[in-house]
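Me: I am new to this structure and would like to go through it in questions and answers. Please show it first.

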Amino acid sequence: MNPSEYEALSQRISNDARVLYLLGLKPNTDEKTGVTDKLNYKNLLILLNGNHPENGEKPFSLGRQINGLIKELISFNLVKVADNVSLNKSFNGQTLLLPLCKVKQDDYPALHLQWQKMHIDWLPNDILFDDLASLIGIIDKSYTETELGEFIAYWLGRPEKQFSQFQWTQKFVFQIKQKRVASGVKPAKKVGNQWVTPKAGVEADDNAKQLVAKYKPVSNKK
């Protein structure tokens with residue numbers, strides 16, 4: 001669950017709608033497009049009823065109850081439907097769009113909203129990591145488990161520190177840059193079947209200029 005989803009799901013929304021989103025819709029959603037598989041109400045009813053006794057009256061038994069939960073998710077911008085899909089008919093067999101399913105570059109402000117202490121399973125935000133690495137001239141954007149483990153271990157020893165996901169990722173990028181520079185590692189990129197060291201101020205600077213231009217505030221002056 002990314003910060004945008006966390007913020008939306010933390011609002012005054014029913015737990016049944018949260019279960020439907022997190023366990024019924026998101027696991028079967030394409031990460032690139034945000035489009036779900038076709039909905040199967042039979043399976044969703046089983047999921048929502050959980051371990052309710054077979055011979056008891058189930059909380060969810062009708063498709064319109066699922067419709068109600070989907071409409072609730074729509075009202076919190078967690079779900080969208082195609083323009084030609086009626087909100088007054090069953091969504092069974094239809095696909096939905098989960099617009100917050102994947103953090104996009106334009107959603108970076110959301111990464112500043114959720115502050116947390118370092119924890120053992122922490123991971124950087126992949127898209128932000130790549131962009132920040134480009135900005136400061138890191139061309140090999142892969143990182144090892146050792147680099148990640150050293151970062152986590154260092155900050156686990158400082159439990160009083162809390163930062164946003166943006167700031168944690170930023171700190172991780174800077175640490176990698178500092179350690180690689182200190183160890184004498186030179187940036188390199190693959191050209192064909194060969195690894196070459198780029199000329200200083202060419203590839204890294206071009207990438208940085210493109211990213212700075214992308215996030216540069218738009219001026220209102222004419």
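Me: Which residues of α4 meet Tyr41, Leu44, Leu45 and Leu48 in α3?
Reply: This is a predicted model, where local features need pLDDT of at least 70, side-chain atom pairs count only at pLDDT 80 or more, and totals for chains, interfaces and linings use all residues. Residues are numbered from 1 along each chain as its sequence is written, and side-chain values use heavy atoms, with hydrogens and water left out. Contact here means heavy atoms within 4.5 Å, and helices (H or I, at least four residues) and strands (E, at least two) are DSSP runs numbered from the N terminus. On the α4 side, the residues that meet Tyr41, Leu44, Leu45 and Leu48 of α3 are Gly63, Ile66, Asn67, Leu69 and Ile70.

Me: How many nonpolar, polar and charged residues does the contact of α3 with α4 have?
Reply: Ala, Val, Leu, Ile, Met, Phe, Trp, Tyr, Cys and Pro count as nonpolar, Asp, Glu, Lys and Arg as charged, and the others, Gly among them, as polar. Sorted in this way, the contact of α3 with α4 has seven nonpolar, two polar and no charged residues.

Me: At what angle do α3 and α4 cross, and what is that arrangement called?
Reply: Axes are lines fitted to C-alpha atoms, for helices over the stretch in contact, and angles run from 0 to 180 degrees between N-to-C directions. The axes of helix α3 (residues 41–49) and α4 come within 10 Å and cross at roughly 80 degrees. Angles under 35 degrees count as roughly parallel, over 145 as roughly antiparallel, 65 to 115 as roughly perpendicular and the rest as oblique. That makes α3, relative to α4, roughly perpendicular.

Me: How do α2 and α4 pack, and which residues make the contact?
Reply: Helix α2 (residues 15–25) and helix α4 (residues 63–75) pack at about 90 degrees, their axes 9 Å apart. That makes α2 roughly perpendicular to α4. By class, the residues of this contact of α2 with α4 are eight nonpolar, no polar and two charged. The residues are Asp16, Ala17, Leu20, Tyr21 and Leu25 of α2, and Ile66, Leu69, Ile70, Glu72 and Leu73 of α4.

Me: In what order do the elements of the protein chain run?
Reply: The protein chain has eight helices and four strands. From the N terminus on, the order is α-α-α-α-β-α-α-β-α-β-β-α.

Me: How many aromatic pairs does the structure hold?
Reply: Rings of Phe, Tyr and Trp (its six-membered ring) pair if their centres lie within 6.5 Å; planes under 30 degrees apart count as stacked, over 60 as edge-to-face and the rest as tilted. The number of aromatic pairs in the structure is 12.

Me: How far apart in sequence are the parts tied together by Phe129 and Phe172?
Reply: Phe129 and Phe172 form a tilted pair, 5.8 Å centre to centre, with 40 degrees between the planes. Phe129 lies in helix α5 (residues 126–135) and Phe172 in helix α7 (residues 165–182), so the parts that the pair ties together are apart in sequence by 43 residues.

Me: Are Phe151 and Phe172 buried or exposed?
Reply: These two form a tilted aromatic pair, 5.1 Å centre to centre and 55 degrees between the planes. Phe151 lies in helix α6 (residues 145–156) and Phe172 in helix α7, so the pair ties together parts 21 residues apart in sequence. Buried means under 20% relative accessible area, exposed over 50%, partly exposed in between (1.4 Å probe, protein chains only). Phe151 and Phe172 are both buried.

Me: Which residues does Leu148 touch, not counting residues up to four places away in sequence?
Reply: Leu148 is in helix α6 and counts as buried, at 13% relative accessibility. Leu148 and Leu123 are 25 residues apart in sequence, with 8.0 Å between their C-alpha atoms. With residues up to four places away in sequence not counted, Leu148 touches Trp122, Leu123, Pro124, Tyr143 and Phe172.

Me: Over the ring of which residue does the charged end of Arg158 sit?
Reply: A charge sits over a ring if NZ of Lys or CZ of Arg is within 6 Å of the ring centre and within 35 degrees of the ring normal. The charged end of Arg158 is 3.8 Å from the centre of the ring it sits over, that of Tyr154.
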